[in-house]
Amino acid sequence: MSSSSFAIWGSVALGYAPMIDKQHQVVATRLTVFPLRPDARLDAAELIAALAVAWPEGGKTVVLNAVSESLLAALLQTPAPKNLLIELPAFMATDAQHAEALAGVRARGAKLVLKGRPLQPLAPELQACFGHSLLDLDEERGGDGTPPWPGLPKLVSGVRSSADIEEAFKRNATAVLGWPMQGAYEPVPGAPAKIEMQSDLQVIVQLMAQLDQGEDSDKLERTLQRDPTLAFKLLRYMNSAAFGLPVEVSSFKHAIMLLGYARLKRWLALLLATASKDHSMRPIMFGALRRGLIMEELAKGMDEADMRDEMFICGLFSCLDHMLKQPFAKLLEAIPMPERVRQALVDESGPYQPYLELVHAIEHESAFDFRSAADQLMLGAQEINDGVMRALAKAAQLE
């Protein structure tokens, strides 16, 4: 069953963010679900079934932030896979009317995430239902850094920069929920004016330039042979289930024959956006891949194949300024970029900019901005959310 089979996606706004541990690994995805109407009655079983498409049982962990008390109450009574962690606000955890449902959660061996500081102590049998505690960064700053509940690892949400992330870890967070970047990259005062691009990234940029210039496959292959690891990674991407080619790609020349220069360039863009060896860049690469795939999904109704490929590249490249620590205007001097992508990233204009705004709204988990961006593009929630869920599932396959 595909994610587009679920009617629930027409009744909600979605947001997502990575869960990042102290090694800067992305260990889970947080999915936020906002009802578009306060009186909407959402089907908990359908939501769990829809999530299982992108995050199958036994696979990667998803943390569900359902912004609806009635939906949360229903979720407590609905069996869910072990890799689904549901956030439960503290006021619900201490409400006697949910005690029986929480006992059922405990009996199933499931674990919840306790969100916020309860105003009264939890009974030991209730605390046993929770595997983590969760505080917003602003809420956490009002404390002394100790976990709100002894024995429960502390998560911190609401981070919007690498400085926020490091602050949360200094305050004894086990992991954080949020992003290390927000907005365009701004050079840090006193930092080096130019950061040397690592050698494998230089090879990718050179290949993209050669493709732009229409150089023959022999020259392209000689360039790629400078970095055998890069060649292996490119072929692995192309032979993945997410790529969907009917035959196995056996060589770079074979890839050119099957794909042509335009589609090969988009996969070089993917490599460029995900090839950094800097561990602190992992969450940014996580975001870049999903931005590209979401924008590609949103572009499926466009007539021009070139525009669909460019939307993919636009999403991928929208994080390059943070990865390479240079403003986009400077990056354009070295990295070939289609004009409509340049307009979106440098001028914040052009046909792709409204789609980027929608992706930003989804990343920031803002229902208001989601509605505003969707209205501007005249897209419905069902179409947007179907695309988001397909993209998140495809990203997990590629990783």
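A residue is classed as buried under 20% relative accessible area and as exposed over 50%, with partly exposed in between. The structure described here is a predicted model. Under these limits Asp-212, with a relative accessible area of 49%, is partly exposed, whereas Lys-265, at 11%, is buried. The side chains of Asp-212 and Lys-265 meet in a salt bridge, with an N to O distance of 2.7 Å. Asp-212 belongs to helix 8 (residues 199-213) and Lys-265 to helix 11 (residues 252-274), and this pair links distant parts of the chain, 53 residues apart.

In total, 18 salt bridges were counted in the model. Another of them joins Arg-30 and Glu-365, whose closest N and O atoms are 3.6 Å apart. Here too distant parts of the chain are linked, since the two residues are separated by 335 positions: Arg-30 is in strand 2 (residues 26-35), and Glu-365 is in the loop between helix 17 (353-363) and helix 18 (367-377). Arg-30 has a relative accessible area of 7% and is therefore buried. Glu-365 is likewise buried, with a value of 16%. Through shared partners, salt bridges join Arg-30, Glu-87, Lys-115 and Glu-365 into one network.

A salt bridge is also formed between Glu-140 and Arg-117, with the closest N and O atoms 3.8 Å apart. Glu-140 lies in helix 6 (residues 137-140) and Arg-117 in the loop between strand 5 (112-115) and helix 5 (124-127), so the bridge ties together parts that are 23 residues apart in sequence. The accessibility of the two partners was computed as 0% for Glu-140, which is buried, and 35% for Arg-117, which is partly exposed.

A barrel is closed by 8 strands in the order 1-2-3-4-5-6-7-8, with mixed pairing. On average, and with direction ignored, neighbouring strands of this sheet are turned by 30 degrees against each other. Strand 4 (residues 84-89) pairs with strand 5 in the parallel sense over 4 bridges. In this part of the sheet Pro-89 stands opposite Lys-115 of strand 5, and Lys-115 is also a member of the salt-bridge network that includes Arg-30.

Strand 5 pairs with strand 6 in the parallel sense, again over 4 bridges, and Leu-112 stands opposite Phe-130 of strand 6. Strand 6 in turn pairs with strand 7 (residues 154-159), in the parallel sense and over 4 bridges. The bridge partner of Ser-133 in strand 7 is Lys-154. Strand 6 (residues 130-136) is mostly covered, with 5 of its 7 residues buried. In a regular strand, side chains alternate between the two faces of the sheet.

Helix 12 (residues 282-298) comprises 17 residues and reaches 24 Å from its first C-alpha to its last, close to the 24 Å expected at 1.5 Å a residue. Helix 12 is mostly covered, as 16 of its 17 residues are buried.

Methods
Residues are numbered from 1 along each chain as its sequence is written. This is a predicted model: local features need pLDDT of at least 70, side-chain atom pairs count only at pLDDT 80 or more; totals for chains, interfaces and linings use all residues. Side-chain values use heavy atoms; hydrogens and water are left out. A salt bridge is a side-chain nitrogen of Lys or Arg within 4 Å of a carboxyl oxygen of Asp or Glu. Buried means under 20% relative accessible area, exposed over 50%, partly exposed in between (1.4 Å probe, protein chains only). Two strands pair if DSSP finds at least two bridges between them. Axes are lines fitted to C-alpha atoms, for helices over the stretch in contact, and angles run from 0 to 180 degrees between N-to-C directions. The expected span of a helix is 1.5 Å times one less than its number of residues.
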